[in-house]
Amino acid sequence: MNPGQFFASSRVLIVAGKGGVGKTTASATLALAAARTGLSVLLVEVAGRSATAPMFGADAPGYEESVVYDEADHGSVRCRSITPDDALVEWLTNHGFSRIAKRMARSGLLEIVATATPGIKDLLVLGRIKALESEGVADLIIVDAPAAGHAIQFLQAPVGVRDTARTGVLNRQALEVLEMLDDPTRCRAMLVSIPEETPINELIETAFAVEDEVGLALGPVVINGILPRIEGLDAVEAPPDLTADEAADVQLAAALRRDRQSLQAEQLDRLETQLPLAQIRLPQLFTTEIGLPELIELADAAITSIESLDWS
Ligand SMILES: Nc1ncnc2c1ncn2[C@@H]1O[C@H](COP(=O)(O)OP(=O)(O)O)[C@@H](O)[C@H]1O
Ligand SMILES: [Mg+2]
């Protein structure tokens, strides 16, 4: 599939997955890949951290938005984070309560409201994302969602609030968010995992929960940390210039790598049979930190993967 078409098919991509599988890295990778097809991308972090900006080689932004990538002939990536407190202040400001908004946030009112209405914090964040989508602030908004268990809770918040607050502004806010989540041209979820048994099981569970319980359409899954194939790994004999000890070490290392690769391949096959979703595969990079050069490598891999997708 044409990557430009792929990234233009939904205005919001919610990237979710178990913690530690590379969800934030995948969000940044998809943002960069989309920008390289010419789109203006807004990358949103909701966990109250700013982990993506450094991957683009930029300073971490606060609540304010900052441009982290803007190349000639490409699109751009802006980063920002959204917290429930910020979302509440913005919501109040946009609804004519600007004078009291800051005071309310500072007074801890949000905590009181949040205790009375479960799900309201997540709803505020999703409501802010919906507002950004409606305003058309970017061609594509990519959201680095909370980790898996909480991702379902996060996405179910509008249903909960809609059913508790039967009328009024909260009810309307919930309905507006649900309308966005129900429309695949506006919003899709992309789940991230690594090719290992437990994370793949959780991915499959989360996928069914997202579709059945939240009614959110799923895009392709992102499988991160794929071991690159090594030339000559299957050689029976070690190179002739090695001592016997060195040759034994090399063969042991090769055997370990072959084992891990075949375990990964098994999990990828299993995923293919148990979850009928296309896969975007990202390689395991052997670096201590992801910076812009690494992110470009991952984005190129994502684009190659998308080009070979048969997905609509
Ligand atoms: N494909 C990859 N190659 C190398 N390192 C990676 C890759 N994906 C993620 N990492 C590293 O793994 C760690 C966890 O990734 P992160 O994206 O923060 O995970 P999550 O958001 O799911 O908790 C980070 O240190 C990140 O740099
Ligand atoms: Mg993260």
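Helices and strands are DSSP runs, numbered from the N terminus. In this predicted model, P54 lies in the loop that joins strand 2 (40–45) to strand 3 (66–70). P54 has 17 other C-beta atoms within 10 Å and is therefore partly exposed, since a buried residue requires 20 or more and an exposed one 12 or fewer. The C-alpha atom of P54 is separated by 28 Å from that of L218, which is 164 residues away along the chain.

The shell around ligand 1 consists of 14 residues, of which G22, K23, T24, T25 and L285 are the closest. Two or more residues are contributed by each of helix 2 (23–35) and strand 7 (221–226). Helix 2 makes the greatest contribution, with three residues. By class, the shell comprises eight polar, five nonpolar and one charged residue.

Helix 2 also packs against helix 11 (residues 292–307): the two axes come within 8 Å and cross at roughly 70°. The two helices are therefore roughly perpendicular to each other, as the crossing angle falls in the range of 65 to 115 degrees. On the side of helix 2, the contact is formed by A28, T29, L30, L32 and A33; helix 11 supplies L295, I296, L298, A299, A302 and I303. This contact includes 10 nonpolar residues and one polar residue, with no charged residues.

In helix 3 (residues 84–94), the residues P84, A87, L88 and V89 are buried. Helix 3 is followed by G96, which has a positive phi, near 85°.

Methods
Residues numbered from 1 in each chain as written. Chains lettered and ligands numbered in written order. Predicted model: local features only at pLDDT ≥ 70, side-chain atom pairs only at ≥ 80, totals over all residues. Helix = DSSP H or I, 4+ residues; strand = E, 2+ residues; numbered from the N terminus. Near = placed C-beta within 6 Å. Nonpolar A, V, L, I, M, F, W, Y, C, P; charged D, E, K, R; others polar. Axes fitted to C-alpha atoms, helices over the stretch in contact; angles between N-to-C directions. Parallel < 35°, antiparallel > 145°, perpendicular 65-115°, else oblique. Contact = placed C-beta atoms within 7 Å.
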